[in-house]
Amino acid sequence: EEIWETMNREGFTRKIFIIRPLGKGEVGRIRIRQKDVLAFQVTTDGNTIEQRIRQPYLYPGEFYLTAFILIENKELEQASTDLLDEKYQDGLENIMVVEDRLTKRLLDRAAPVVNSLVFFNTFTPAVFANLRTQITAWNLPVPTAILAYDLWNDIIADTDFTAWYDPVTKHELVLEGKLGSLLDVELITDAFRHETFQVLEQGEVYFLAPPIALGAVTQRKELTAEAINQYNVGRPARGWFMEQIEGLVLANSRGVAKGVRV
């Protein structure tokens with residue numbers, strides 16, 4: 001039997017952003033759709049000022065996400081399972097971790113541009129509503145919130161939060177520990193992951209607009225994984241090299257609201 005030190009981690013970047021695949025030779029650009037059409041009232045002379053529309057585009061810079069995994073042949077032969085396959089899955093997982101950390105940097109920079117940072121001691125329904133309202137005030141829905149693992153305890157223990165649940169839901173919450181959604185906001189967390197996989201700092205929470213009103217990932221090609229070895233340099237080791245070419249852009253700061261525990 002096997003004991004897993006941690007469970008697999010699913011990245012949140014591709015849940016909150018649009019995915020824009022790019023063909024060979026195609027320029028990665030994201031169009032920003034603005035409400036910039038104006039109407040005029042004509043009174044006597046019948047002449048109106050012309051309106052020229054220029055659609056803005058963002059051109060996210062592309063970068064590499066790579067993983068270089070090598071395992072000695074001795075370890076491969078001593079393992080009771082297919083260690084190459086296991087570490088292939090671990091490599092995919094860590095690619096998503098790096099991607100999420102880049103996304104968090106964008107969220108941190110965008111959050112205070114238009115909306116206000118919210119500081120709190122305990123994550124309460126009032127804080128939840130404040131963060132959600134900052135985005136809905138711009139006429140944007142809020143389908144997703146990303147929260148740090150320690151805020152999970154606030155939601156479970158706070159009496160104001162528990163008053164939102166009926167007895168059956170409370171019972172399932174205690175048994176399963178699945179938060180689901182509150183006020184149609186899906187709660188995503190990196191809780192219960194190994195410290196090397198966690199992206200959010202303690203006490204952080206982000207409320208987000210839907211992908212079409214937030215940002216995009218431009219993906220040059222699918223994630224490539226190549227089997228490699230070091231036999232040519234006299235080392236008995238095999239493994240994987242993984243490569244992803246992508247761009248990342250957060251285009252609408254109105255769609256991000258951040259809260260921090262102090």
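**Close-up views of a predicted model**

**View 1. The loop that holds Asn 139.** Asn 139 is found in the loop that runs between helix H4 (125-136) and strand S6 (144-147). The model shown in this and the other views is predicted. Asn 139 is not a glycine, yet its phi is positive, at about 65°. Is Asn 139 buried or exposed? With a relative accessibility of 70%, Asn 139 counts as exposed, because the cut-off for that class is over 50%.

**View 2. Helix H4 and its buried residues.** The end C-alpha atoms of H4 are 16 Å apart. This agrees with the 16 Å that its 12 residues should span at 1.5 Å a residue. Which residues of H4 are buried? They are Pro 125, Val 127, Phe 128, Leu 131, Gln 134 and Ile 135. In an α-helix there are 3.6 residues a turn, so residues three or four places apart point the same way. Two of the buried residues of H4, Gln 134 and Ile 135, are also in contact with Asn 115, and another, Leu 131, is touched by Gly 259.

View 3. Asn 115 lies in the loop between H3 and strand S5 (118-120). Its relative accessible area is 6%, so Asn 115 is buried; the cut-off for buried is under 20%. Which backbone oxygens lie by polar atoms of the Asn 115 side chain? The backbone oxygen of Val 256 is 2.7 Å from a polar atom of this side chain, and the backbone oxygen of Arg 254 is 3.2 Å from one. When neighbours within four places in sequence are left aside, the contacts of Asn 115 are Gln 134, Ile 135, Trp 138, Ser 253, Arg 254, Val 256 and Ala 257.

**View 4. Gly 259 in strand S13.** Strand S13 covers residues 256-261 and includes Gly 259. Gly 259 is buried, with a relative accessible area of 0%. Not counting residues up to four places away in sequence, Gly 259 touches Val 118, Phe 120, Leu 131, Gly 203, Glu 204 and Val 205. How many residues along the chain lie between the positions of Gly 259 and Asn 130? They are 129 residues apart along the chain, while their C-alpha atoms are separated by 9.4 Å. In the protein as a whole, among contacts between residues at least 6 apart in sequence, 80% join residues at least 24 apart.

View 5. Helix H3 (residues 83-114) has 32 residues. From its first C-alpha to its last, H3 reaches 48 Å, close to the 46 Å expected at 1.5 Å a residue. At the start of H3, a side-chain oxygen of Asp 82 comes within 3.3 Å of the backbone nitrogen of Leu 84. Leu 92 is also found in this helix and is partly exposed, with a relative accessible area of 22%. Leu 92 touches Leu 223 and Met 242, not counting residues up to four places away in sequence. The C-alpha atoms of Leu 92 and Ala 67 are 8.4 Å apart in space, with the two residues 25 apart in sequence.

**View 6. Glu 246 in strand S12.** Glu 246 is found in strand S12 (residues 237-250). At a relative accessible area of 0%, Glu 246 is buried. Its side chain is joined to that of Arg 14 by a polar contact of 3.2 Å. Leaving aside neighbours within four places in sequence, Glu 246 is in contact with several residues, among them Gly 61, Glu 62, Phe 63, Leu 65 and Glu 99. Val 217, Thr 218 and Gln 219 are also among the contacts of Glu 246.

**View 7. The largest pocket.** About 690 Å³ of space lies in this pocket. Of the 21 residues that line it, Ile 32, Arg 33, Ile 212, Ala 213 and Asn 252 are the closest to the centre. Which elements give two or more residues to the lining? They are strand S1 (18-21), strand S2 (30-31) and strand S10 (215-219). By class, the lining has 13 nonpolar, 3 polar and 5 charged residues.

View 8. Thr 48 is found in the loop between S2 and strand S3 (57-58). Thr 48 is partly exposed, with a relative accessible area of 46%. Leaving aside neighbours within four places in sequence, Thr 48 is in contact with Phe 40 and Val 42.

Technical notes:
Residues are numbered from 1 along each chain as its sequence is written. Side-chain values use heavy atoms; hydrogens and water are left out. On a 1 Å grid over the protein atoms alone, a cavity is a set of points where a 1.4 Å probe fits but cannot get out, and a pocket is an open set with protein on both sides within 12 Å along at least five of seven lines; lining residues have an atom within 4 Å of a point. Grid points are joined across faces, edges and corners, and a volume is the space filled by probe spheres set on the points. Helices (H or I, at least four residues) and strands (E, at least two) are DSSP runs, numbered from the N terminus. Ala, Val, Leu, Ile, Met, Phe, Trp, Tyr, Cys and Pro count as nonpolar, Asp, Glu, Lys and Arg as charged, and the others, Gly among them, as polar. Buried means under 20% relative accessible area, exposed over 50%, partly exposed in between (1.4 Å probe, protein chains only). A polar contact is a pair of N or O atoms within 3.5 Å; within protein, one must be able to donate a hydrogen and the other to accept it, and residues adjacent in sequence count only if both atoms are side-chain atoms. Contact means heavy atoms within 4.5 Å. The expected span of a helix is 1.5 Å times one less than its number of residues.
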